[in-house]
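Please look over the sequence and the model below before reading on.

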Amino acid sequence: MVSREVRADLLVVGGGMAGAMAALAAARRGRRVVVARRAPGATALSSGAISVAPDPGALPGAPLASRRPPVEAAARLAVARREHPYALAGVARLAEALAFAAAELPAVLAPVEDRRRFLATPYGSAVGAGLCQRANVAGDLLSVRGALVVAGFRGHAAFDAALVAAGLARYRPRGGPELRAVELDLPLGAGPLARPHELARALDAPGGAEALGDALRAALPAGAGAVLLPPILGLDPAAGAVGRIAAQAGIAVAETLSDVPSVPGLRLHRALEARLAAAGALVLQGDVAAPPEPGAAVAVGDATVIAPTWILATGRFVGGGIARRGVLAEPALRLPVQAAEGREAGVHLAGRPTASLTVRDRREPQPLLSAGLRVDAALRPVDERGRVVHPRLLAAGAVVGGHEQATDGTGLGVAILTGFLAGEAAAEEGGHG
């Protein structure tokens, strides 16, 4: 039952990276912001790396050979792919948006650098990241001085330190560090079947990080320059597990990137929640009921929200922003979904059975994975004829089509840029309203 009325300048539908950046960008301009979210989306599954754009000149097996900065790579991608959000929104403010994200989340995100950081995966490969979590920084393969010691836990099969070290050794000719591997006892008596989030909580707890630091100090080989651990270095950024381990061990520590379930993703989600609260944004749990338009009253959980400007940042398939119901649909506001196949694009393609929008060769573009809302240069959704759906409705993040956010190396980069730009635009609208 609805029990209260909330009036705001901006309603953001979706609380992942794109929605949070939009809300924070508007809040810093003094706007009253409500964030409506149903549940954690794809941001909570992120690996720890924030990919901005791949370097088209780098060979797939030699990521350390990449020398093109992420923002420059994004500009090239925008020229090559005119339907991509980077092309539609422009990348002139991408560096500013990335810096904004790092400044808003200083407890979890590392400051932006001009070059990529090259971070290890739990499979012994390396990934270039335009932005990353602080827990990854000391493991940047081009910044380690001395040997990189990969540390695993005895009897815990989820992370094979020797296998990771052997895989990373292939990058030494390109400037990567010497690799060593050691095994430690599990922290605070955790069992061999302990899940990543359970290990992370053990390190957050008083004494947990310090005990691991002591074990590391005793196991370090001569010439060690940094330690690389599994992606379990705490769930709560305020607990400071990384710094506590490093201080006790007397050496810089980092974690690899993560697969799902992702401790770094959950850590990022917690940081976003905390920052939204600190910025004064009201976060409401629940679906947006019925498809009204900006300015109309809408039920969200136990509240009725009235806001003249809306930003749709509901994600794609994981977040529920695009639904597969035999055909593709946008369920929140029932906006037209568009898909592209080769040189053909339009709503009629999204109306086909979803199975027909996949291609057998996984190396080829997948129309299903790039489907979403079509927007104009101001990030306003448009219909099948290119007409703006509503002048005070914007979209940001993965719900915007034209990119395969899970595979093309631009996912969270697009979320940060479009969220930031949409929030700035909404703040301007509020100032004129």
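In which loop does R334 lie? R334 is in the loop between β17 (327–329) and β18 (339–341). Note that this is a predicted model.

**Backbone details**

- R334 has a positive phi of about 60°, although R334 is not a glycine.
- R334 counts as exposed because its relative accessibility is 64%, and the cut-off for exposed is over 50%.
- L379 is not a glycine either, and its phi is positive at about 70°.
- The loop that holds L379 runs between α10 (347–350) and β20 (393–395).
- With a relative accessibility of 2%, L379 counts as buried, since buried means under 20%.
- V260 and P261 are joined by a cis peptide bond, with omega about 0°.
- P261 is part of the loop between β11 (253–255) and α9 (263–278).

- Strand β8 covers residues 147–153, and seven of its seven residues are buried.
- A147, V149, A151 and F153 point one way from β8, while L148, V150 and G152 point the other way.
- β8 and strand β10 (residues 224–229) run parallel and are joined by four bridges.
- V149 has V227 as its bridge partner in β10.
- Six bridges pair β8 with strand β9 (residues 179–184), also in the parallel sense.
- In β9, V182 stands opposite A151.
- Between β8 and β9 the chain passes through helix α5 (residues 161–168), and this β-α-β crossover is right-handed.

**Salt bridges**

- Side chains of opposite charge can pair when their charged atoms come close.
- The model has 25 salt bridges.
- One of them joins the side chains of E424 and R28, at 3.1 Å from N to O.
- E424 lies in helix α11 (residues 411–432) and R28 in the loop between α1 (17–27) and β3 (33–37), so this pair ties together parts that are 396 residues apart in sequence.
- E424 is buried at 9% relative accessibility, whereas R28 is partly exposed at 46%.
- R28 and E424 also belong to a network of salt bridges with shared partners, which includes R29, R93, E96 and E428.
- D140 and R115 form another salt bridge, at 2.4 Å from N to O.
- D140 is in the loop between β7 (131–132) and β8, and R115 is in the loop between α4 (94–104) and β5 (117–120), so the pair links parts 25 residues apart in sequence.
- D140 counts as buried at 1% relative accessibility, while R115 counts as partly exposed at 30%.

Methods
Residues are numbered from 1 along each chain as its sequence is written. This is a predicted model: local features need pLDDT of at least 70, side-chain atom pairs count only at pLDDT 80 or more; totals for chains, interfaces and linings use all residues. Side-chain values use heavy atoms; hydrogens and water are left out. Helices (H or I, at least four residues) and strands (E, at least two) are DSSP runs, numbered from the N terminus. Buried means under 20% relative accessible area, exposed over 50%, partly exposed in between (1.4 Å probe, protein chains only). Two strands pair if DSSP finds at least two bridges between them. A crossover is right-handed if, with the strands pointing away from the viewer, the path from the first strand over the helix to the second runs clockwise. A salt bridge is a side-chain nitrogen of Lys or Arg within 4 Å of a carboxyl oxygen of Asp or Glu.
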